[in-house]
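Subject: Structure handover

Hi,

Here is the structure I promised you. Please open it alongside this note.

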Amino acid sequence: MNPFEEEPEKKEPGNKEAAGRGETGDGQPAAREKKPARVKGARRVTYSAAAAAIGTVCFLISVYLPLKVVPLAVTAFCFYLVFERCGAGYGFLTEAVTLLLDFFVSGIAVNVTFLLLAFVFVPYAPVAYLMRSLRYNKARQAAIRAVVVAAFVNLAFFCVFELVTHFVFEGVDIPAFISRLGGYWVIVLIITPVAVSVDFLFTQMALTVGKLIK
């Protein structure tokens, strides 16, 4: 199966009469929310190239900003749009190209910003794509999504923490900085609710932007 091919549209069960009444075949009200349409042909390449370019610019911005979350979250959102509109094949390809570009523009060096992008925000995009049907407007879905996001962020942070404590980064003493903040578990208690809040804003932005772009 070619991951770059357009996925065939699935027809909803039911009959024309039920559809005309705004109902499904079993008499239940039909869902009004429509899934974003997949783009075709050269537009998929355009989406992918634009996301890679924006991701590279956001990476450069985050290198020089003390608050790195915002530009890196924008990068993840661009990746998410490619996954949603162009499919998983183009999504993973866009992430790989962006990581390669960021590696070279950072001077062929691995820094803390690059680790955050590679281990947190790049994998977050496909995770968010897989959870796109889970919304925060329903208690059960919100609880499931929050638990998944919390587990993902803790695993990603553990990977970054292990790397930064075993490798020396020029001009930055990461272990000492973490100790001043209170240690590993204090940071975990801080970033977990922050990550869930960012994910909530991410879903709202996805709904808003999804209605604007074609």
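Below is what I found, starting with the whole chain and moving on to single residues.

**Overall**

Keep in mind that this is a predicted model. The chain holds eight helices and zero strands. From the N terminus on, the order is α-α-α-α-α-α-α-α. Of the 214 residues in the chain, 36% are buried.

**Helix α6**

Start with helix α6, which covers residues 139-166.

The buried residues of α6 are Q141, A142, R145, V149, A150, F152, V153, A156, F157, V160, F161 and V164. Keep the helix repeat in mind when you read that list. An α-helix has 3.6 residues a turn, so residues three or four places apart point the same way.

**How α6 meets α8**

Two packed helices are described by the angle between their axes and the distance between the axes. For α6 and α8, the angle is about 130° and the axes are 9 Å apart. The two helices are therefore oblique to each other. Their crossing is right-handed.

Which residues make the contact? On the α6 side they are R145, A146, V149, A150, V153, N154, F157, F158 and F161. On the α8 side they are Y184, I187, V188, I191, T192, A195, V196, D199 and T203.

T192 is worth a click. It lies in helix α8. Its relative accessibility is 19%, so T192 counts as buried; the cut-off is under 20%. Leaving out residues up to four places away in sequence, T192 touches A150 and N154.

**Salt bridges**

How many salt bridges does a search of the whole structure find? The search finds two.

One joins the side chains of D199 and R145, at 2.7 Å from N to O. D199 lies in helix α8 (residues 184-212) and R145 in helix α6, so this pair ties together parts that are 54 residues apart in sequence. Are these residues buried or exposed? D199 is buried, with a relative accessible area of 0%. R145 is at 2% relative accessibility, so R145 counts as buried.

E84 is at 10% relative accessibility and so counts as buried. R85 is at 3%, so R85 counts as buried.

**Helix α3**

Helix α3 covers residues 69-86. Its 18 residues should span 26 Å at 1.5 Å a residue. The end C-alpha atoms are 25 Å apart, so this helix agrees with expectation. α3 is mostly covered, with 15 of its 18 residues buried.

T75 lies in this helix. At 1% relative accessibility, T75 counts as buried. Not counting residues up to four places away in sequence, T75 touches G55, C58 and L117.

**Two pairs to check by eye**

R43 sits in helix α2 (residues 42-63). R43 is at 40% relative accessibility, so it counts as partly exposed. Along the chain, R43 and R85 are 42 residues apart. Their C-alpha atoms are separated by 9.7 Å.

The second pair is A96 and V122. A96 lies in helix α4 (residues 88-105). A96 is partly exposed, with a relative accessible area of 45%. A96 and V122 are 26 residues apart in sequence. In space, the two are 9.1 Å apart, C-alpha to C-alpha.

Best wishes

How values were computed
Residues numbered from 1 in each chain as written. Predicted model: local features only at pLDDT ≥ 70, side-chain atom pairs only at ≥ 80, totals over all residues. Heavy atoms only, no water. Helix = DSSP H or I, 4+ residues; strand = E, 2+ residues; numbered from the N terminus. Expected span 1.5 Å × (residues − 1). Buried < 20%, exposed > 50% of the residue type's maximum accessible area, 1.4 Å probe, protein only. Salt bridge = Lys/Arg side-chain N within 4 Å of Asp/Glu carboxyl O. Contact = heavy atoms within 4.5 Å. Axes fitted to C-alpha atoms, helices over the stretch in contact; angles between N-to-C directions. Parallel < 35°, antiparallel > 145°, perpendicular 65-115°, else oblique. Left-handed = near helix turned anticlockwise from the far one by under 90°.
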